[in-house]
Amino acid sequence: DCDDYTSYSYVLQHMLRDFGFVEPYPQRWMFPTGQQYLLFDLDITSELERFQIVWSHGSKPELTPKEVGKLESHGKRLEEIFDAVYDGTKHLKSSHERSVILEFYEATKTALEQVILSVTNVDSSVSTN
């Protein structure tokens, strides 16, 4: 049934699971915060080559400090496993598998960094159109 593949909540994580690749920008992401799910599209603007977030529900969600902390903890954990991810992929026989894992790891870090910047209003270069 194609409805699952065209659903608004069908995100990059599902694309990787179902088809084995990391889609190019724009990418749709979903991150749980505990109380809600952040659903957004991440793209790179061609004129300025900076990231742009488009929130699925039209406006940036208001997060509690606890929810922001959960996102930041996840980001720190991704940074902490950097060496393990890269070292672990060196032992894979399949270069395709290695490259997909690394591409997904980097894409996840980028998406999480950008969403944290957006919800904490740290970086004015992140648009929330």
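## A first look

How much of the protein chain, with its 129 residues, counts as buried? The answer is 36%, where buried means under 20% relative accessible area, exposed means over 50%, and partly exposed is in between (1.4 Å probe, protein chains only). This is a predicted model, in which local features need pLDDT of at least 70, side-chain atom pairs count only at pLDDT 80 or more, and totals for chains, interfaces and linings use all residues. Residues are numbered from 1 along each chain as its sequence is written, and side-chain values use heavy atoms, with hydrogens and water left out.

The accessible surface of the protein chain comes to about 8,000 Å², and 53% of that belongs to carbon and sulfur atoms; such areas come from the Shrake-Rupley method with a 1.4 Å probe, and for residues only the protein chains shown count as cover.

## The order of the elements

The protein chain has five helices and three strands. Here helices (H or I, at least four residues) and strands (E, at least two) are DSSP runs, numbered from the N terminus. Starting at that end, the elements run α-α-β-β-β-α-α-α.

Contact means heavy atoms within 4.5 Å. Among contacts in the protein chain between residues at least 6 apart in sequence, 52% join residues at least 24 apart.

## The sheet

Now to the strands. They form an open sheet in the order β1-β2-β3, with antiparallel pairing; two strands pair if DSSP finds at least two bridges between them. β1 and β3 are the edge strands, each pairing on one side only. From one strand to the next, the twist averages 35°. Axes are lines fitted to C-alpha atoms, for helices over the stretch in contact, and angles run from 0 to 180 degrees between N-to-C directions.

In the hairpin of β2 and β3, six residues lie between the strands, and Glu49 takes a positive phi near 50°.

The loop between β2 and β3 also holds Thr45. Thr45 is buried, with a relative accessible area of 12%. Leaving aside neighbours within four places in sequence, Thr45 is in contact with Arg50 and Gln52.

## The core and Phe40

The largest nonpolar core has 22 residues, and Trp29, Phe31, Phe40, Leu71 and Val115 touch the most other members. A nonpolar core is a set of buried Ala, Val, Leu, Ile, Met, Phe, Trp, Tyr and Cys residues joined through side-chain atoms within 4.5 Å. Two or more residues come from each of β1 (27-32), β2 (37-44), β3 (51-55), α3 (65-80) and α5 (95-119). The most come from α5, which gives eight residues. α5 lies across β1, β2 and β3, running at about 70° to β1.

In β2, Phe40 stands opposite Trp29, and its bridge partner in β3 is Trp55. Beyond neighbours within four places in sequence, the contacts of Phe40 include Ile53, Val54, Ala111 and Val115.
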